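Work through the exercises below with the model open. Each task is followed by a stepwise solution.

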Amino acid sequence: METLLARLDRIAGGRHAGYRVPDEARDHPRTRRAFTVIAWLLTAELLIGLTAVVVAVVLSAGGFEVGFAVWMRSVIVLGMTVTLFYFAWRARAGYYWAYSRLRLFAKIFPVVTLVIAAIPGLYPLWMVTEQIVFSLILIGVADYLDSDHMRASFPRPGNQGTTGDVRA
């Protein structure tokens, strides 16, 4: 299993895929606590995404027209959330690349989601509401990842001196 994960990490992490932050930073109580909260926030995201799918199915079964955009949004949100869980899991294990990706996407996805939600008539009101809640939760994830402690715990490769486990 670790071989498969190492391959996935190499694809997702690029040249710094093997770089891990020092154990004392990864195992610090504030770091562990931040990742626990992040896991709960991502669980809420997953539940929101699943709820959107259930609402779409119920509406469709009840004879209401559910547009293609709603189905695509529902599937994409679930896929994004699974990806964010993977990044969080690998970041919790100390991989800088995963922390970096999670931090980046937690900032980008809310902006994209809110811009798309603002397009008149694209989504029904219930889905626009779902998108706003989704965005607010991801902003919370980004806030935890952007804390001084987390940024210090996950130094960019090359900025940390000789600490860290660099494996190719």
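## Exercises on a predicted model

**Exercise 1.** Find what percentage of the residues in the protein chain are buried.

*Solution.* Buried residues account for 39% of the 168 residues in this predicted chain. The cut-off for buried is under 20% relative accessible area. Next, take the surface. The chain exposes about 9400 Å². Carbon and sulfur atoms supply 67% of that area.

**Exercise 2.** Describe the secondary structure and the overall dimensions of the chain.

*Solution.* Start with the elements: there are seven helices and zero strands. Along the sequence, the pattern reads α-α-α-α-α-α-α. Then box the C-alpha atoms along the principal axes: they fill roughly 60 × 35 × 25 Å. Finally, turn to the contacts with a separation of 6 or more: 79% of them join residues 24 or more positions apart.

**Exercise 3.** Locate the nonpolar surface patch formed by L114, I132, L136 and I139, and classify I132 as buried, partly exposed or exposed.

*Solution.* Together, the four residues have about 340 Å² of accessible area. Helix α6, residues 125–145, gives the largest share of the patch, three residues. I132 lies in helix α6. Its relative accessible area is 37%. Buried means under 20% and exposed means over 50%, with partly exposed in between. I132 is therefore partly exposed. Patch residues need over 30%, and I132 has 37%.

**Exercise 4.** Compare the mean positions of the positive and negative charges in the chain.

*Solution.* Count the charges: 17 are positive and 12 are negative. Take the mean position of each set.

Conventions
Residues numbered from 1 in each chain as written. Predicted model: local features only at pLDDT ≥ 70, side-chain atom pairs only at ≥ 80, totals over all residues. Heavy atoms only, no water. Patch = residues over 30% accessible without salt bridge, like charges linked within 9 Å, V, L, I, M, F, W, Y side chains within 5 Å. Areas by Shrake-Rupley, 256 points an atom, 1.4 Å probe, with all protein chains shown as cover. Salt bridge = Lys/Arg side-chain N within 4 Å of Asp/Glu carboxyl O. Helix = DSSP H or I, 4+ residues; strand = E, 2+ residues; numbered from the N terminus. Buried < 20%, exposed > 50% of the residue type's maximum accessible area, 1.4 Å probe, protein only. Contact = heavy atoms within 4.5 Å. Lys, Arg positive; Asp, Glu negative; His and termini not counted. Charge placed at Lys NZ, Arg CZ, Asp CG, Glu CD.
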